Amino acid sequence: MDEIFHFPQAVKYYKGIYKEWDPKITTPPGLYLFTVGILNPVSKITNLDVDKLACFRLVNICFTIGTIYVVYRILQHHHKENESRILLLSSFNITIFPVLYFFNFLYYTDCGSTFFVLLMYYWHLKKFYFAASFPGVFALLFRQTNIVWIFYIAAEETLQTLFEFSKESLSKKDKKLNLFSVSAFRVFIPLWIKNWKQILWKILEINIGYIPIAVGSVAFVFYNGSIALGDKTAHERVIVIQANQFNVNSYGLGGQVAMDTN
């Protein structure tokens, strides 16, 4: 695993050596910065030597505990009728899912990255749009590819806003339309044009924190020549057809269900 690269780099940050960078590392230094922020105070308060791999790995446990809580709050938001005990057990079960569980025992970016993405999503669900952009930035500091999740969250709410403005004006027949069909857009576009000022203001309200992140990410890619830091040959851009098909199906089917159930 990449722990063999991350740990020595984190030790340099812990010792205040910020100008040396291992070119094999392709992710930003968010993990190292948070490690320093957590372990430095612990070391000063306890006078313990925390310059060890085991201590650095414990940082991921902090993020995992935070993830359990955030998942619990997300489940509460979506399943208000369920008992807190059931939701807490479910959040624990989700957090220790094998995809993430084994990274708890390594010094790696997954735990912190997951925590901040989910925190961003939870605050977004609560409509704290601008505040949600801050954990979005932290998520990017762990993995720059998290820009995809920021895009998904912003796009989902933006699309929802567009159709919310149209929903009240639709007839029962129109509500059965597939959101991505030509017929649907023939109905929606005139409504969007009619309410464009309200729609634009709402979209800006939703994305005011995400827009600078998107602009900064695009600027970084152009400046850096790649989304990856360090060894760019290890992360070359390719088009993944299956992923694009999943995206279309998710938005198309999800939108259809949303319209059918309203």
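A contact here means heavy atoms within 4.5 Å. Among the protein's contacts between residues at least 6 apart in sequence, 66% join residues at least 24 apart. The model you are looking at is a predicted one, and it has 12 helices and zero strands. Here is a quick tour, topic by topic.

**Overall picture**

- Reading along the sequence gives the pattern α-α-α-α-α-α-α-α-α-α-α-α.
- The protein has 262 residues, and buried residues make up 38% of them.
- Its accessible surface comes to about 15,800 Å², and carbon and sulfur atoms account for 68% of that area.

**Helix 7 and its two partners**

- Two packed helices are described by the angle between their axes and the distance between the axes.
- For helix 7 (residues 129–142) and helix 11 (residues 210–224), the axes come within 9 Å and cross at roughly 25°.
- Angles under 35 degrees count as roughly parallel, so helix 7 is roughly parallel to helix 11.
- On the helix 7 side, this contact is made by Tyr129, Ala132, Ser133, Val137 and Leu140, while helix 11 contributes Tyr210, Ile213 and Ser217.
- By class, the contact of helix 7 with helix 11 has six nonpolar, two polar and no charged residues.
- Helix 2 (residues 30–46) also packs on helix 7, at an angle of about 110° and with the axes 6 Å apart.
- Since 65 to 115 degrees counts as roughly perpendicular, helix 2 is roughly perpendicular to helix 7.
- Gly30, Leu31 and Phe34 of helix 2 meet Phe138, Leu141 and Phe142 of helix 7 in this contact.
- The contact of helix 2 with helix 7 has five nonpolar residues, one polar residue and no charged residues.

**Nonpolar cores**

- The largest nonpolar core holds 38 residues, of which Tyr32, Phe56, Phe63, Tyr107, Met120 and Tyr210 touch the most other members.
- Two or more residues of this core come from each of helix 1, helix 2, helix 3, helix 6, helix 7, helix 8 (147–167) and helix 11.
- Helix 6 gives the most to this core, with eight residues.
- Another core lies apart from this one; it has five residues, among them Phe163, Phe188, Trp192 and Ile199.
- Not counting residues up to four places away in sequence, Phe63 touches Phe34, Cys111, Gly112, Phe115, Phe116 and Phe142.

**A buried glutamate**

- Glu3 is found in helix 1 (residues 3–14).
- Buried means under 20% relative accessible area, so Glu3, at 12% relative accessibility, counts as buried.
- Leaving out residues up to four places away in sequence, Glu3 touches Pro8, Leu53, Arg57, Phe105, Leu106 and Tyr107.
- One of those neighbours, Tyr107, is also named among the residues of the largest nonpolar core that touch the most other members.

**Two loop residues with positive phi**

- Asn47 lies in the loop between helix 2 and helix 3 (53–78).
- Phi of Asn47 is near 60°, a positive value in a residue other than glycine.
- Exposed means over 50% relative accessible area, so Asn47, at 68% relative accessibility, counts as exposed.
- Lys127 is found in the loop between helix 6 (110–125) and helix 7.
- Lys127 has a phi near 65°, again a positive value in a residue other than glycine.
- With a relative accessible area of 51%, Lys127 is exposed.

Definitions and conventions: Residues are numbered from 1 along each chain as its sequence is written. This is a predicted model: local features need pLDDT of at least 70, side-chain atom pairs count only at pLDDT 80 or more; totals for chains, interfaces and linings use all residues. Side-chain values use heavy atoms; hydrogens and water are left out. Axes are lines fitted to C-alpha atoms, for helices over the stretch in contact, and angles run from 0 to 180 degrees between N-to-C directions. Helices (H or I, at least four residues) and strands (E, at least two) are DSSP runs, numbered from the N terminus. Angles under 35 degrees count as roughly parallel, over 145 as roughly antiparallel, 65 to 115 as roughly perpendicular and the rest as oblique. Ala, Val, Leu, Ile, Met, Phe, Trp, Tyr, Cys and Pro count as nonpolar, Asp, Glu, Lys and Arg as charged, and the others, Gly among them, as polar. Buried means under 20% relative accessible area, exposed over 50%, partly exposed in between (1.4 Å probe, protein chains only). Accessible areas come from the Shrake-Rupley method with a 1.4 Å probe; for residues, only the protein chains shown count as cover. A nonpolar core is a set of buried Ala, Val, Leu, Ile, Met, Phe, Trp, Tyr and Cys residues joined through side-chain atoms within 4.5 Å.
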